[in-house]
Amino acid sequence: MDQEKIKQAVKLFLEGIGEDTEREGLKDTPRRISQMCEELFSGYREDAGEHLSKTFHAPTGDIVVEKDIAFYSVCEHHLLPFYGKVHIGYVPDGKVVGLSKLARTVEVYAKRAQIQEQMTSQIAGALMEYLTPKGVMVMIEAEHMCMTMRGIKKPGAKTVTYAAEGIFEREESLRHLFMDMIR
């Protein structure tokens with residue numbers, strides 16, 4: 001990440017909206033924003049494969065669900081936050097991953113300039129690629145600040161997306177079981 005470019009951009013932005021970048025409250029804002037970007041966009045420096053590479057043998061073929069994984073991301077269209085919960089289900093095919101690795105995988109994709117629909121597919125795709133399960137289902141429920149504080153101004157509206165791969169695509173009963181488990 002280029003800290004100097006971020007600082008310059010923030011200073012130009014502040015000047016563009018009519019602010020005095022030398023006043024006390026704003027003098028250090030470009031540096032603070034560049035530091036914030038290191039954290040908010042750290043997903044660009046991470047690979048989901050690293051988190052999903054350590055697996056454990058598991059004879060079960062039953063569904064594994066991790067629900068209510070909180071996340072925060074930034075909308076690539078308006079650079080405003082969106083946040084909510086991710087629910088992940090997968091049917092192992094001989095191997096499972098530590099549960100914290102599912103949350104870490106969410107973080108890899110959430111910590112990028114992103115759209116929810118793409119993030120949903122990226123999480124499901126990474127799980128399919130690195131765990132090679134019989135199937136994966138990912139559902140995300142999120143509130144988008146670009147709808148809450150600007151534009152249509154509808155606080156509380158939630159966007160729900162899901163991706164189903166493998167056995168979840170083919171078996172409606174398994175999708176229903178997943179939905180029942182996350183309620």
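**A walk through the predicted model**

The buried residues of helix H1 pack against helix H2 (29–40), where packing rests on contact, that is, heavy atoms within 4.5 Å. Residues are numbered from 1 along each chain as its sequence is written, and side-chain values use heavy atoms, with hydrogens and water left out.

Let us stay with H1 for a moment. This helix covers residues 3–16, and its 14 residues reach 20 Å from the first C-alpha to the last, close to the expected 20 Å at 1.5 Å a residue; the expected span is 1.5 Å times one less than the number of residues. Its buried residues are Ile6, Val10 and Leu14. Seen down the axis of H1, these residues fall within an arc of 70°, so they line one face of the helix; the arc is that of the directions from the helix axis to the C-beta atoms. The face turned away from the buried side carries the exposed residues Lys5, Leu12 and Gly16. Buried means under 20% relative accessible area and exposed means over 50%, with partly exposed in between (1.4 Å probe, protein chains only). At the start of H1, a side-chain oxygen of Asp2 comes to within 3.2 Å of the backbone nitrogen of Glu4. Just after the helix, Gly18 takes a positive phi of about 95°.

Now to the sheet. It is open, has five strands in the order E5-E2-E3-E6-E7, and its pairing is mixed; two strands pair if DSSP finds at least two bridges between them. E5 and strand E7 (159–166) stand at the edges with a single partner strand each, so one side of each is left without a neighbour in the sheet. E6 and E7 run antiparallel to each other over eight bridges, and Ile140 stands opposite Thr161 in E7.

In strand E5 (residues 113–114) you will find Gln114, which counts as buried because its relative accessibility is 1%. Its side chain makes a polar contact of 2.7 Å with the side chain of Gln122. A polar contact is a pair of N or O atoms within 3.5 Å; within protein, one must be able to donate a hydrogen and the other to accept it, and residues adjacent in sequence count only if both atoms are side-chain atoms. Leaving aside neighbours within four places in sequence, Gln114 is in contact with residues including Ser73, Phe82, Tyr109 and Met119. In strand E7 sits Thr161, buried at 11% relative accessibility. The side chains of Thr161 and Thr120 are joined by a polar contact of 2.6 Å.

Buried in H5 are Gln116, Met119, Thr120, Ile123, Ala124, Ala126, Leu127 and Leu131. They cover an arc of only 155° around the axis, which puts them on the same side of H5. Met128, also found in H5, is partly exposed, with a relative accessible area of 21%. Met128 and Gly166 are 38 residues apart in sequence, yet 8.3 Å apart in space, C-alpha to C-alpha. Just after H5, Thr132 takes a positive phi of about 45°.

Among the residues in contact with Val138, neighbours within four places in sequence aside, are Val86, Ile88, Ile123, Leu127 and Thr161.

Methods
This is a predicted model: local features need pLDDT of at least 70, side-chain atom pairs count only at pLDDT 80 or more; totals for chains, interfaces and linings use all residues. Helices (H or I, at least four residues) and strands (E, at least two) are DSSP runs, numbered from the N terminus.
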